[in-house]
Amino acid sequence: MLINKAYKFRLYPTKEQETFIAKTIGCSRFVFNRFLGQWNDTYQETGKGLTYSACSAQLTQLKKEFVWLKEVDSIALQSSLKNLADSFTRFFKKQNKAPRFKSKKNQVQSYTTKETNSNIAIVDNKIKLPKLGLVRLAKSREVEGRILSATVRRNPSGKFFVSILVETDVQPLKKTDSSIGIDLGITDFAVFSDGHKVDNHTFTAKMEKKLRREQRKLSRRALQAKNKGIHLFDAQNYQKQKRKVARLHERVRNQRDDFLHKLSTDIIKNHDVICIEDLNTKGMLRNHKLAKSISDVSWSAFVSKLEYKAKWYGKTIVKISRWYPSSQICSECGHQEGKKSLEIRDWTCPICHKHHDRDINASRNILAEGVRTLDLA
Ligand SMILES: [Zn+2]
């Protein structure tokens, strides 16, 4: 099966390349905003938008007026227009809000360029990019497949990254004849029907505490600057702390992403059928008790990773109805005990006397229910 896959790597541009990246981001933003303005005006006057090809033709004219646009990667400017046109298409289909003007102050600054005639390529530990030439890259794995595009990003922490989109052929993984049920939780991130538990809590809690501390420090710095009558933009201590917080956020995000990738790949490799709860309400229900925004994000990111990997590698995901009382049923004899509050971590079935760990029992029930619905289908 042909799929699109993205590889993300840290970039180490030279000072010169950094300047050029900044210039390209600036020009892409300029083009985007300029045509967004025109698009809005045209829409107000005629009730219709513009088209990508009309904008593209005008871009050629625009370059005569603003010659500095010619200095940067022309494909990046065109992608910026394509991006604008796509945003409007989605807006007209009511799939998203109207496109907004891009600001220099946006958290992430980026531009995208497309592959034509090998203008983007991996050469040893470098990536060849239009106009930039070879840029050093922290290549943590081999890029496999046909390169479609590259997006160069500068994060608020001042680091550079590239996302390389490729088209690649994936082969289904070998069947294992194994099915598994997963219960997603707070204390343990995931509990499996084979009794295995994956803990994410210590990591999350430690990082959250650190983040909260640094965030408080940031607020103090902002207040100090205000008291001294210094604009935040010029307040060095504030700016320094702001970068620190951004770096921390980035680290949390990367570590979490890594963790979720490894865990989902492992599960897909080792099992053919993966049964999991439908998260929609579960997340919300638990959220008001424990404001664990990090867990919530992780759960849905985890499920979506499982889903696309299952599709790639020929495995099956079964989602269990949110009404299914997975923690109320004895997985041994089927006796239904009724609701159990969250504090009850283990219990003994009054009928068959089996002693249960709450989450392992739930994941066993999820597995049984998943296999049952799969047999019905
Ligand atoms: Zn029982």
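In which handedness of crossing does α1 pass α2? The crossing is right-handed. A crossing is right-handed if the near helix is turned clockwise from the far one by less than a right angle, and left-handed if anticlockwise.

## Basis of the model

This is a predicted model, in which local features need pLDDT of at least 70, side-chain atom pairs count only at pLDDT 80 or more, and totals for chains, interfaces and linings use all residues. Residues are numbered from 1 along each chain as its sequence is written, and side-chain values use heavy atoms, without hydrogens and water.

## α1 with α2

Helix α1 covers residues 15-46 and helix α2 residues 52-65. Helices (H or I, at least four residues) and strands (E, at least two) are DSSP runs, numbered from the N terminus. The two axes lie 12 Å apart, at an angle of about 120°. Axes are lines fitted to C-alpha atoms, for helices over the stretch in contact, and angles run from 0 to 180 degrees between N-to-C directions. α1 and α2 are therefore oblique to each other. Under 35 degrees counts as roughly parallel, over 145 as roughly antiparallel, 65 to 115 as roughly perpendicular, and the rest as oblique.

From α1, the contact (heavy atoms within 4.5 Å) takes in F30, V31, R34, F35, Q38 and W39. They meet C55, Q58, L59, L62 and E65 of α2. By class, the contact of α1 with α2 has 7 nonpolar, 2 polar and 2 charged residues. Ala, Val, Leu, Ile, Met, Phe, Trp, Tyr, Cys and Pro count as nonpolar, Asp, Glu, Lys and Arg as charged, and the others, Gly among them, as polar.

## α3 against both helices

Helix α3 (residues 74-92) packs on α1 at about 40°, with the axes 9 Å apart. α1 and α3 are therefore oblique to each other. Their crossing is right-handed.

α2 and α3 pack at about 145°, with axes 10 Å apart. α2 passes α3 in a right-handed crossing. Y52, C55, S56, L59 and K63 of α2 make the contact with S74, L77, Q78, L81, K82 and A85 of α3. The class count is 6 nonpolar, 3 polar and 2 charged.

## Lining of the largest pocket

α5 (236-270) is one of the elements that each supply at least two lining residues, as are β1 (2-12), β7 (160-169) and α7 (293-313). The largest share, 11 residues, comes from α5. The lining has 9 nonpolar, 6 polar and 17 charged residues.
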